[in-house]
Every structure is written in C-alpha cells, then in structure tokens.
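Morning, everyone. I will go through one structure, pockets to begin with and then a sheet. Please have the model open.

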Amino acid sequence: MDIAIDTSKSKYHVDENGYYGRFGGAYIPEMLYPNVEELQRRYMEVLKDPAFQAEFEDLLKNYVGRPSPLYLAKRLSEKYGAKIFLKREDLNHTGAHKVNNTIGQILLAKRLGKNRIIAETGAGQHGVATATVCALMGMECVVYMGSIDIERQAPNVARMKMLGATVVPATSGSKTLKDATNEAIRDWINNPVDTHYILGTAAGPHPYPDMVARFQSVISEEIKKQLKEHTGNENPNYLVACIGGGSNAAGTYFHYVDVPEVKIVAVEAGGKGVHSGFSAATTQLGKIGIIHASKTLLMQTDDGQIVEPHSISAGLDYPGIGPMHAHLFESGRGLFLSATDDEALAAAYELSLLEGIIPAMESAHALAKLKDLPLKPEDVVVLCLSGRGDKDLNTYIANMKK
Ligand SMILES: Cc1ncc(COP(=O)(O)O)c(C=O)c1O
C-alpha cells in the first residue's frame, strides 16, 4: 500500500511547508500548537511504519470490505454515451468513503497515546465512521454536529448513539458543518493532552489535508489496478468526484494528479443556484482567506465575514474547500463545476432507476454533471460514488414527484 509514497516532486501535492501553491498552512491559535505540531512531526513517520501499514491494510480488507468494486454502469453509460465506471465507496462498511480515514486516524491516535476522540460531522457519515472505529478500539467518542444537520440526517444520529458516541449539537451560525467544526476545535483547545481530533475531510491545518488525502488515496490506488483489469489501461479520460471539504475527491485524484492526460473534474454544491445567495460553490464565489486554520478559498463578504453556505446535501454544505483543491482550481489542473439541489435530486432518482443504486445526496452532485461533460463513446469515466443514500431517504421521499 502506497500511503507513504514520496510526493515531494509533485506540483499538486503538499510541499515541505504544508502548502499547496499559496493555499494550506496551519493558522492555529497558540493553545493548539502542541497538538498540531506533534501531528506534523509524527504523521509521516507513523504512516511509513510497516506495522502501521499492515494494520491499516488488514482493517480495510477484513473490516471495511475493501477493495470496493469498480463497476461498469452499463445503462448509465448508454445514456451518457461513454464508458462510465462507478467506484463503489457506498459499499464500504458504514456506507461511505469516510471510514478509510477514520481507520487510519484511530490507529494513529493509538500510537500517539490518545484515549479520547472528537470529530465534527455534516451528513453524519464521518460521525458514524468515527463512532464505529471508537467502538472497535474501545475509545471515548464525542461528535459535534450542527443542529440543522441533526434534523436532516436523523438516521445517522441514531447510529452514532447506538455505537456509543455522544452527539453534541452546534447551535451557532448556520447550525451546519462549519459550526460543528468550530465546536470540535474549541473542544480540542480545552483538552490538549488526551484527545485526538479526527477531522473528517481534506481541510483544516497542515498536516490534516495531506494526512486525510493519504488515508483516502487507497481509492485511486485501487482504481488504477481495477481499471487496468477492465480496460487494459490504468488511466481514465475523466475522474469525477463531489467536493465538500474534499476527502473523497482527494482520494480519487491522489495517484492521478501528475498524469496530465487524466482530466480531473470536481463538483461543488450549487444549492438553489450559484448566484442565488443559497449556495456552497466555493471556487465560483470564494476568495482567499482563512477558515478552520487553513489558508484557502472561502465564501466571504467584502469585509471578510464568512457567508453562510447552503446545500440540500449536509456533506457539501461548507463555505470553504480543502487547500489541495483550491490549488487544483487555481492552477487549472482541475475543472470545477457545480450542481444545483434540483440537478442532484434528478441524478439520484436517475441512478436508482437505471442501475438499482440509491446514491448519497453528495455523490448525486457528481452524477449530475455527467450531462455537462463533452463525452465521446470511447471515453472512460471513473466517478467516485462516495456513499449510499440510506441516510437521505427522508429528503428523497419529500422531493419525489407523485
Ligand atoms: C457520502 C458523502 N460524500 C461526500 C461527502 C463530502 O465530503 P468530502 O468532500 O470530504 O468527501 C460526504 C460528507 O459527509 C459524504 O457523506
């Protein structure tokens, strides 16, 4: 497994100072310095350790159920006129890609001698994946979640509680992911010694974006092998993923960013329309600034106040974007598109009927842009189906046409 691969020659991976181009870094309050500095110092040494890699690999295989299939979606392919493969992260234990990262981070936390875990969650998938690994390792788990998300992702709240986690509502701001992250950071400041913060996406202070991307890089490592078996070529023409903070996308792109013939497509949440005032399309609307201790693109007013985001999908409802993706956008390496709430809903119903797969609302945003790509019949597309739609059934039922 290549989670500790040397990326120092790449223009698109993190540099030795924790930056991607002009994005990234660690803009942390002084109280957090010991924790973040310890992670910066130790994470690569731990990831390189063969015993760590063996334990990570064993759990991914025997507990998560990896490798996840790369499925040629024939009826979807017919509809869009290209060969479309779905990377089935929805089939992982707990129902999304998030568990790849929580397995990695809980093993790291154990090696750092921590016994209390905190996390933030939007859609609840990262919260469930964190509660799951805490149960597995017998560790205390506290999950912060916006009070709006607690309502719209109720099944996941119940799962977290059943797994033994304490779910704490975040009631400030838009009462969504950004606010939950603020609360988690506040907790970490107050509990610096025994607590590890399992951040759920490729955002936050260095080394989180790189560390999370490495734990998720198993996605592109598998795609390479599986696509070669299917087509004889490990490189697709297009790689498509949705972006909240950017962890499923980072994992999908990780081993491909330096392969120029592979087009990278990122899909953000357009909400009710990019310019409607109700959107989370960060690269379209954002400017450089600092959010959750990282210098990146974020939606803000002229005087630097964060603009409250909106998306029908809790996992994409975030006013920033991880620094790797801000750099992929600014450098032109990635094509950044946005899908509205309605487009994503239509794509979710379509995949259900064409392929018998009910996707997560987040993944449905990526599916929604297949119609906007200039696809040719010989093109090979790999789309990361980041999660399953069970948690979104209430939203799907509420929006179903009679
Ligand atoms: C199924 C699913 N896909 C995608 C995301 C977005 O997160 P990220 O951009 O970190 O992959 C989430 C977040 O909760 C999710 O649950």
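Helix 1 (33-48) and helix 9 (208-216) each supply at least two residues of the lining of the largest pocket. This is a predicted model, where local features need pLDDT of at least 70 and side-chain atom pairs count only at pLDDT 80 or more, while totals for chains, interfaces and linings use all residues. Residues are numbered from 1 along each chain as its sequence is written, and side-chain values use heavy atoms, with hydrogens and water left out.

Some terms. Helices (H or I, at least four residues) and strands (E, at least two) are DSSP runs, numbered from the N terminus. A pocket is an open set of points on a 1 Å grid over the protein atoms alone, where a 1.4 Å probe fits, with protein on both sides within 12 Å along at least five of seven lines; lining residues have an atom within 4 Å of a point.

The largest pocket has a volume of about 280 Å³, the volume being the space filled by probe spheres set on the points, with grid points joined across faces, edges and corners. Its lining has 16 residues, and Asp6, Thr7, Ser8, Val14 and Arg214 lie nearest the centre. Helix 1 gives the most, 3 residues.

Next, the second largest pocket, with a volume of about 170 Å³. Its lining includes Met1, Glu57, Arg66 and Lys225. Helix 2 (50-64) and helix 10 are the elements that give two or more residues to it, and helix 10 gives the most, with 4.

Why does the second largest pocket lie between domain 1 and domain 2? Domain 1 (27-62 + 98-212) and domain 2 (65-95 + 217-399) both give residues to its lining, so it lies between them. The domain bounds come from an automatic or database domain assignment.

Strand 9 (residues 238-242) pairs with strand 14 (residues 380-385) in the parallel sense over 3 bridges. In that strand 14, Val381 is the bridge partner of Tyr238.

How values were computed:
Two strands pair if DSSP finds at least two bridges between them.
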